[in-house]
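Visitor: I would like a close look at a single part of this model. Please start with the whole, then go to the detail.

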Amino acid sequence: MITALGASGATAAPGFLSPAGIEIAFVLVGIATLGAALVTVTTRQLVHAALWLIVALGGLAVEYLLLTAEFIAWVQVLIYVGSVVVLLLFGLMLTRAPIGRSPDADSENRLPALAVAVASAAALVWVVVDAFRTTWIELDGPAQGSTEVTGAFLFRNWVLPFEALSVLLLAALVGAIVLSRKGGRAPDRADATPPRKDAR
């Protein structure tokens with residue numbers, strides 16, 4: 001009888017009422033990441049928003065590590081934290097964005113934006129829960145996000161969005177350079193020293 005109960009308990013699906021230490025850490029890091037994302041979209045200082053974005057993306061990398069997807073975690077750090085945010089900071093510097101508080105960064109469409117954000121979050125949560133309701137990741141087992149499996153899945157099924165993202169980043173960099181050149185011509189001409197009248 002005890003053996004049968006033990007066998008049935010071993011094959012039963014895990015529940016949410018007995019969280020492990022990794023699951024508790026996952027929830028805590030998720031809350032911190034959500035807080036950093038909220039500060040990113042609510043602050044009126046553009047540079048601070050970019051820095052808080054680094055915190056949010058770093059929190060996602062930690063979440064990937066907790067889910068035993070080490071390759072995805074390092075890709076998150078190298079591409080997003082190390083490239084996208086640096087590109088964003090370069091864009092802010094090239095376009096001479098204000099360092100302090102920027103009243104122009106605030107929008108009057110807060111309520112529509114909040115409604116769209118809540119609806120998008122609810123739809124995303126519903127899709128994820130519906131797709132992975134019966135899927136469990138064995139955190140104590142081997143890593144699920146190996147380089148071989150992830151690379152094969154990425155470059156076979158998602159190669160077109162991957163290349164489109166690289167083109168998008170290139171277009172953002174070119175746009176930042178063009179904006180900086182257009183904004184720098186007029187001051188250069190205004191600050192130019194006029195020729196002296198007595199020069200011969």
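What percentage of the 200 residues of the protein count as buried?

Guide: Of the 200 residues, 12% count as buried. Buried means under 20% relative accessible area, exposed means over 50%, and partly exposed lies in between (1.4 Å probe, protein chains only). This is a predicted model: local features need pLDDT of at least 70, side-chain atom pairs need 80 or more, and totals for chains, interfaces and linings use all residues. Numbering runs from 1 along each chain as its sequence is written, and side-chain values use heavy atoms, without hydrogens or water.

The protein has 7 helices and 0 strands. Helices are DSSP runs (H or I, at least four residues), as are strands (E, at least two), numbered from the N terminus.

Now the close look: a nonpolar patch on the surface. Val 86, Phe 90, Met 93, Leu 94, Leu 170, Leu 173, Val 174, Ile 177 and Val 178 form it, with about 760 Å² of accessible area together. Helix H4 (70-94) and helix H7 (159-190) are the elements that each give two or more residues. H7 gives the most, with 5 residues. Patch residues have over 30% relative accessible area and no salt bridge; nonpolar side chains are joined within 5 Å, like charges within 9 Å. A salt bridge puts a Lys or Arg side-chain nitrogen within 4 Å of an Asp or Glu carboxyl oxygen.

Take Val 174. It sits in helix H7. Its relative accessible area is 44%, so Val 174 is partly exposed.

Technical notes:
Areas by Shrake-Rupley, 256 points an atom, 1.4 Å probe, with all protein chains shown as cover.
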